[in-house]
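This briefing goes through one protein model, topic by topic. Look at the sequence and the structure first, then read the points below.

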Amino acid sequence: ERDRIKALEKGESRPDITVTELRAALRKERQYSRGLVGDLATLKSIAVASTLEAEVHEEGRINCLMRRVDGLQKEKGRIIVELEREEEMLTNTLQKKLNQVRREKAELQKQIQREHELKVKLESISNASTAGT
């Protein structure tokens with residue numbers, strides 16, 4: 001483009017150039033300018049279309065990611081509820097086992113107490129019979 005402009009300027013600076021030649025050069029430059037304006041409009045249109053297409057594509061990606069995040073949040077909620085149920089079940093099971101162990105302990109303590117009382121009675125009977133002889 002710079003070379004073209006330099007060539008035009010060189011041709012216009014000739015001392016023997018006529019008005020008709022200048023008018024022809026002006027006409028030619030106006031046509032060239034209109035072509036550039038048309039090219040510029042086309043490029044702007046393409047740029048706008050590309051921008052819109054990129055925005056639509058990005059919006060689609062964002063929507064897809066949002067759906068994925070939403071799905072993951074639902075999955076997280078489901079897992080939390082499931083874990084809470086399992087935790088409750090384990091707590092209940094352990095509580096039942098603890099209660100069973102406490103009952104067994106109480107029974108064993110009663111049995112030991114009875115056996116101790118029986119031993120004391122037997123010893124006192126044995127001492128009484130030995131003292132009587």
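**Charges and overall form**

The model is predicted. Its secondary structure consists of two helices and zero strands.

**Dimensions**

- Along the principal axes, the C-alpha atoms of the protein fill a box of roughly 170 × 25 × 10 Å.
- The radius of gyration of the protein is 52 Å, whereas a compact globule of 133 residues would have one near 14 Å.
- How far apart are the C-alpha atoms of R85 and S129? They are separated by 65 Å, and the two residues are 44 residues apart along the chain.

**Surface**

- The protein exposes about 12500 Å². Carbon and sulfur atoms supply 59% of this area.
- What percentage of the 133 residues is buried? Buried residues make up 0% of them.
- R85 has its place in helix α2. R85 counts as exposed because its relative accessible area is 59%, and the cut-off for exposed is over 50%.

**Nonpolar patch**

- L118, L122 and I125 form a nonpolar patch on the surface. Together these three residues have about 310 Å² of accessible area.
- L122 belongs to helix α2, which covers residues 19-132.
- Is L122 buried or exposed? L122 has a relative accessibility of 52%, so it counts as exposed.

**Salt bridge between E58 and R61**

- The count of salt bridges in the protein comes to four. One of them joins the side chains of E58 and R61, with an N to O distance of 3.5 Å.
- Both E58 and R61 lie in helix α2. They are three residues apart, which is about one turn of the helix.
- E58 counts as partly exposed because its relative accessibility is 36%. R61, at 47% relative accessibility, also counts as partly exposed.
- Partly exposed is the class between the two cut-offs, under 20% for buried and over 50% for exposed.

**Salt bridges around R78**

- The side chains of E75 and R78 meet in a salt bridge, at 2.5 Å from N to O.
- Why are E75 and R78 separated by about one helical turn? The reason is that they are three residues apart in helix α2.
- E75 has a relative accessible area of 33%, so it is partly exposed. R78 is partly exposed as well, with a relative accessible area of 42%.
- R78 also meets E82 in a salt bridge between their side chains, here at 2.9 Å from N to O.
- E82 and R78 are separated by about one helical turn because they are four residues apart in helix α2.
- E82 counts as partly exposed, since its relative accessibility is 35%.
- Which residues do the salt bridges that share partners join into one network? The network consists of E75, R78 and E82.

Key
Residues are numbered from 1 along each chain as its sequence is written. This is a predicted model: local features need pLDDT of at least 70, side-chain atom pairs count only at pLDDT 80 or more; totals for chains, interfaces and linings use all residues. Side-chain values use heavy atoms; hydrogens and water are left out. Patches are made of residues with over 30% relative accessible area and no salt bridge: like charges are joined within 9 Å, nonpolar side chains (Val, Leu, Ile, Met, Phe, Trp, Tyr) within 5 Å. Accessible areas come from the Shrake-Rupley method with a 1.4 Å probe; for residues, only the protein chains shown count as cover. Buried means under 20% relative accessible area, exposed over 50%, partly exposed in between (1.4 Å probe, protein chains only). The radius of gyration is taken over C-alpha atoms; the globule rule is 2.2 Å times the number of residues to the power 0.38.
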